[in-house]
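Please look over the charged side chains of this model before reading the briefing below. The points are grouped by topic.

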Amino acid sequence: ADGAARAASVAGRLADPVLELTAENWRPTSDDFVASTDLDLFAVVTQPLDLFTRGGRKAQARGESDEAAAGLLRAEQDVRLETVRRYLEAWRGRDLVAALEAQAGNLAGIVASMEKRVAEGYAAEADLLRFRAEAARAANHLARARIESQRAEAELAFLVGQPVAGARLARPDLPPPPGGEPEALAEQALTHRPDVAAARARVARARGTLSLEQARRYPDLALAGGYKRTSGLDTVVVGLVAL
């Protein structure tokens with residue numbers, strides 16, 4: 001995004017000039033060759049003016065910069081949303097583990113009571129087996145919940161860059177609903193959505209590219225100037241070049 005912004009800031013500048021150095025009539029093997037009088041030298045600097053393509057290049061660079069900025073905003077928003085999701089998962093996982101631990105404790109007490117009743121002949125052994133199966137299922141759910149809670153806490157710690165204690169997570173307060181007309185709220189939300197901003201930037205970049213390609217139908221001009229020495233005579237060269 002920073003690179004695209006810097007490219008957009010210099011897109012309207014003139015192109016780099018071109019320096020051409022030429023030496024002609026070089027005859028080193030000739031006996032009568034005198035470099036100071038027989039050698040022709042040309043030094044010409046050509047500066048493109050970009051009269052027709054500058055506007056298109058600026059519009060294209062601005063579109064690319066806006067698209068990169070929208071991509072950066074979308075990446076930041078994705079990280080925030082992912083952090084919120086992981087926070088809610090860790091918070092819900094903590095409460096789920098606490099509820100399953102209480103359930104497992106209650107079932108353990110029921111199983112212990114049923115074992116005594118079966119031993120004394122007051123209950124059928126089938127009832128005891130059923131409660132043992134329920135206790136084993138609750139223990140399995142508790143183990144899964146602990147694993148998922150630890151995973152959510154680890155992912156949240158990675159996102160925020162520091163260790164996270166699930167016991168210290170607080171229940172988030174729900175924000176009040178925004179006031180205003182639904183249509184106005186929808187339009188306001190569209191202006192802040194990164195994907196909408198990226199789509200508009202792509203449209204602007206495409207229009208800039210179209211303008212640039214249309215401008216390239218016409219030859220651009222360049223200003224040329226320099227020095228020429230022919231047959232020992234020094235002259236100045238000035239002219240316009242069609243690119």
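What follows is a briefing on the salt bridges of this structure.

This is a predicted model, in which local features need pLDDT of at least 70 and side-chain atom pairs count only at pLDDT 80 or more, while totals for chains, interfaces and linings use all residues. Residues are numbered from 1 along each chain as its sequence is written, and side-chain values use heavy atoms, with hydrogens and water left out. The structure holds 16 salt bridges, a salt bridge being a side-chain nitrogen of Lys or Arg within 4 Å of a carboxyl oxygen of Asp or Glu.

**Pairs between helices α3 and α4**

- Glu89 and Arg151 meet through their side chains in a salt bridge, at 3.7 Å from N to O.
- This pair links distant parts of the chain, with Glu89 in helix α3 (residues 54-120) and Arg151 in helix α4 (residues 125-160), 62 residues apart; helices are DSSP runs of H or I with at least four residues, numbered from the N terminus.
- A salt bridge also joins Glu101 to Arg146, whose closest N and O atoms are 2.9 Å apart.
- Because Glu101 lies in helix α3 and Arg146 in helix α4, the pair ties together parts that are 45 residues apart in sequence.

**Accessibility of the partners**

- Glu89 is partly exposed at 27% relative accessibility, where buried means under 20% relative accessible area, exposed over 50%, and partly exposed in between (1.4 Å probe, protein chains only).
- Arg151 is partly exposed at 33%, as are Glu101 at 37% and Arg146 at 38%.

**Network and a further pair**

- A network of salt bridges links Glu82, Arg85, Arg86, Glu89, Glu148, Arg151 and Glu155.
- Arg216 and Glu213 form a salt bridge at 3.0 Å from N to O, and Glu213 is partly exposed at 42% relative accessibility.

Note on methods. Helices (H or I, at least four residues) and strands (E, at least two) are DSSP runs, numbered from the N terminus.
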